[in-house]
Amino acid sequence: MLGSIAIVAGTAIGGGMLALPLATAALGSVAAIILLVVIWGVSAYTALLMLEINLRSGVGDNVHAITGKTLGKFGQLIQGGSFLSLLYALTMVYLLGGSSLLVSKLDGLFGVQLDSHSAIMLFTLFFGGLIAVGIAWIDKISRVLFSAMVLLLVLVVLFLLPDVSLSSMAATAVIEGVEQGSFSGYLMAAVPVVFTSFGFHVCIASLVGYLDGDSVKLRKVLLIGSTIPLACYIFWLTVTLGTVGGDRISGFDGSLPQLINALQALAQSSIVSQSIAFFADLALITSFLGVTMSLFDFIAELTRAKSNASGRLQTWLLTFIPPLLCAIFYPDGFVKVLGFAAIPLVMMIIILPILMAMRQRKLALGGYQVMGGTPALYVAGALGVMIIASQLWVTM
């Protein structure tokens with residue numbers, strides 16, 4: 001159970017954490033934390049809903065098979081398209097974020113000036129090259145990096161908490177294109193990014209098989225595992241918005257290096273300053289490896305590529321070339337694209353599970369059922385539509 005809880009928490013915590021202060025700065029700390037709690041509640045409910053669907057479909061079935069059983073080929077097509085869109089969008093986000101941190105680090109440490117295109121290419125070739133090595137090595141690397149990231153997060157939070165100021169936490173600012181004082185505009189801009197930061201649902205089918213369909217254990221795993229990211233995000237927003245200030249962070253225009261530099265400027269020792277930088281690096285790298293490994297395997301299965309060198313090279317190119325081109329020609333989209341990823345994520349973990357649950361409940365299959373009944377399904381569906389509408393509103 002402890003290992004399963006770690007998988008849930010580790011899947012959620014990653015590069016999305018770095019975007020949270022940038023996306024919620026204009027709301028102020030109190031409103032941002034309330035939004036976190038609400039989105040966590042929706043994510044926890046949909047996780048239990050997916051657990052219900054998995055248990056009724058059969059232990060060992062993956063999401064693709066479950067969707068096919070309940071919604072047919074059309075449902076599988078929507079699920080597969082949503083999954084591919086989500087992973088491509090997230091890969092692009094991490095290429096943008098990782099390359100921007102690489103430019104800043106090379107300039108600060110070695111005085112090397114690297115343009116953004118070269119940085120994106122270098123980041124893709126080095127860290128993307130690890131994906132071609134195989135899942136066994138990625139698993140070992142990810143364990144070490146995630147453990148180090150959690151330790152650094154604890155260190156950073158402990159050192160910055162004494163500098164938190166109530167005036168900074170209460171400060172708000174103007175998001176470009178949103179009228180001053182328009183709280184609904186700030187909220188609409190923040191919701192998609194916050195929702196994406198709780199995207200741990202892709203591992204539920206594997207955990208159902210791992211814990212042999214024990215609904216009691218699985219329910220505890222999902223609730224505890226999803227609460228850990230919530231606590232981490234609350235502490236992270238407290239130390240970022242409470243030290244740098246929401247008004248100043250919103251002026252960074254989604255620039256991750258500016259946020260990291262501002263936090264480092266507050267550090268009272270070189271150890272804390274380096275911890276902040278390494279934490280940001282590890283958050284991006286661990287998310288990048290997890291996302292691209294899933295994308296690589298999905299494309300390999302989709303194209304039925306061979307496992308030899310030429311087949312893996314073909315899969316690698318299909319995995320990285322599309323997001324690489326998007327990152328090169330859309331270099332300022334870190335927060336915006338992360339928000340866009342909420343659209344396919346909503347389809348995968350809210351809309352489709354609701355439809356599948358309705359279909360299964362009509363058949364009266366029995367077994368575990370999440371509390372709330374049909375009214376809860378309608379509420380979750382309405383929130384899903386609101387998240388999609390908020391992202392479409394931001395991009396228009």
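**Exercise 1.** Locate Ile-321 among the helices and decide whether Ile-321 is buried or exposed, or in between.

*Solution.* Start with the helix: Ile-321 sits in helix 14, residues 309–329. Helices here are DSSP runs of H or I with at least four residues, and strands are E runs of at least two, numbered from the N terminus. Next, take the relative accessibility, which is 34% for Ile-321, so this residue counts as partly exposed. The classes are buried under 20% relative accessible area, exposed over 50%, and partly exposed in between (1.4 Å probe, protein chains only).

A word on the model: it is predicted, so local features need pLDDT of at least 70 and side-chain atom pairs pLDDT 80 or more, while totals for chains, interfaces and linings use all residues. Residues are numbered from 1 along each chain as its sequence is written, and side-chain values use heavy atoms, without hydrogens and water.

**Exercise 2.** Examine helix 13 and the residue just after it.

*Solution.* Helix 13 covers residues 270–303, 34 residues in total. From first C-alpha to last, helix 13 reaches 49 Å, close to the 50 Å expected at 1.5 Å a residue (1.5 Å times one less than the number of residues). Then step past the end: Arg-304 takes a positive phi of about 55°.

**Exercise 3.** Describe the chain as a whole.

*Solution.* First, the secondary structure: 17 helices and zero strands. Then the extent: the C-alpha trace spans about 60 × 50 × 40 Å along its principal axes. Finally, burial: 51% of the 396 residues count as buried.
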